[in-house]
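The sequence and coordinates come first, and the numbered points follow.

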Amino acid sequence: MTLKLTKYKDINEFYKRVYPFLIKKEAENNLPLGLLNSIKSGSRYNNPLLVSAENEDGSIKGAFIMTPPHNLVSVLQINDGEYSTIAQELNTLLSEEGIEVPGFVSEKVSAEKLTQAWCNLKGCEHEIGMDQRIYKLDHVNEIEIPEGKLIQPDERHLTLLSDWIKCFTVETGVRPLTESEALERAEDMIANENYLYFWETDGKPVSMARGGRWTDNGITVNFVYTPKPFRKKGYASAVVAGLSSKLLEEYKFCTLYTDLENPTSNKIYMDIGYVPVCDSLMVNIK
């Protein structure tokens, strides 16, 4: 069958077409599902790229979502031989729109095949931005927790949060933020987000985590960050376990992404109760 790509301007039409396809693997597709919900609610992201891939019979075989300047998130259920077709169709569509793709985020095998087809077509090179694993949790294990407590940051913590956000983006390989961008993000998070928490000990914040990107039954834990002076003291475990417990009061499960090159964080999450779902790649196009 011939694959066809369709670009959508109306988020509601796109949502109606691709959400049933994505929700079949809710935990695995937490990123595109969460992005869709955020775009649909109008809470974030301007001028997103929304593209479906479908067969001649109209059945959905994939979806692409891009929130510039971030990488193109893709979910594809196609045959190996169809990746070259997808790359050609995608290149035509993006060229018409004047959009440059900085990279891809997708399930690992699909990401590898799409990247190969794209670079063969474009004559470009690529590098692995992050070798990732997606985890899912539906209960929190009993673990040893250091002294301290969860707190929600307020205006007093604005400068600290801004600094931590900036450090987080640098250390995780995400597009680094300027000081003004980090400050603006911190202001927005404090004012508008319900699931941003610090772990505080002796009156001092020592680690943070955030819940965001909700799906029908789940929510993602991200922005897990502990400054270097406070690492290896159990604070990251404490804030993630505490936040996850709170999130499970409202959702059936939590998901999160990890960097597979960081065995410490992967062990921490598994000790808490997170179970691997699948591997994912963030690929940067050069």
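1. Leaving aside residues up to four places away in sequence, Ala186 touches Leu158, Leu161, Ser162 and Ile165, where contact means heavy atoms within 4.5 Å. Ala186 lies in helix 6; helices here (H or I, at least four residues) and strands (E, at least two) are DSSP runs, numbered from the N terminus. With a relative accessible area of 0%, Ala186 is buried; the term buried denotes under 20% relative accessible area, exposed over 50%, and partly exposed the range in between (1.4 Å probe, protein chains only). The C-alpha atoms of Ala186 and Asp154 are separated by 9.9 Å, the two residues being 32 residues apart along the chain.

2. On provenance, this is a predicted model, in which local features need pLDDT of at least 70 and side-chain atom pairs count only at pLDDT 80 or more, while totals for chains, interfaces and linings use all residues. Residues are numbered from 1 along each chain as its sequence is written, and side-chain values use heavy atoms, with hydrogens and water left out.

3. Helix 5 (residues 158-172) has 15 residues and should span 21 Å at 1.5 Å a residue; its end C-alpha atoms are 21 Å apart, which agrees. The expected span is 1.5 Å times one less than the number of residues. Leu158, Leu161, Ser162, Trp164, Ile165, Phe168, Thr169 and Thr172 are the buried residues listed for helix 5. They cover an arc of only 165° around the axis and are therefore on the same side of helix 5, the arc being that of the directions from the helix axis to the C-beta atoms. Thr159 and Val170, on the other side of helix 5, are exposed. The buried residues pack against strand 6 (126-137), helix 6 (179-192), strand 8, strand 9 and strand 10.

4. An α-helix has 3.6 residues a turn, so residues three or four places apart point the same way. At the start of helix 1, a side-chain oxygen of Asp10 reaches to within 2.8 Å of the backbone nitrogen of Asn12.

5. How many aromatic pairs are there? The count comes to seven, by the rule that rings of Phe, Tyr and Trp (its six-membered ring) pair if their centres lie within 6.5 Å, with planes under 30 degrees apart counted as stacked, over 60 as edge-to-face and the rest as tilted. The pair of Tyr15 and Tyr19 is stacked, because the ring centres are 4.3 Å apart and the planes are at 20°. Both residues lie in helix 1 (residues 11-22), four residues apart, about one turn of the helix. The pair of Phe104 and Trp118 is edge-to-face, at 5.9 Å centre to centre and 85° between the planes. Phe104 lies in strand 5 (residues 103-107) and Trp118 in helix 4 (residues 108-122), so this pair ties together parts that are 14 residues apart in sequence. Phe104 and Trp118 are both buried. Ring pairs also link Trp164, Phe198 and Tyr225 into a cluster.

6. Lys40 lies over the face of Tyr15, at 4.9 Å from the ring centre. Lys136 lies over the face of Phe253, at 4.6 Å from the ring centre.

7. A cis peptide bond joins Pro68 and Pro69, with omega about 10°; Pro69 is in the loop between strand 3 (60-66) and strand 4 (72-76). Asp202, although not a glycine, has a positive phi of about 55°. Asp202 is found in the loop between strand 8 (196-201) and strand 9 (204-214), and at 80% relative accessibility it counts as exposed. Phe223, also not a glycine, has a positive phi of about 50°. Phe223 lies in strand 10 (residues 218-225) and, at 9% relative accessibility, counts as buried.

How values were computed:
Lys NZ or Arg CZ within 6 Å of the ring centre and 35° of its normal. Polar contact = N/O pair within 3.5 Å; in protein donor to acceptor, adjacent residues only side chain to side chain.
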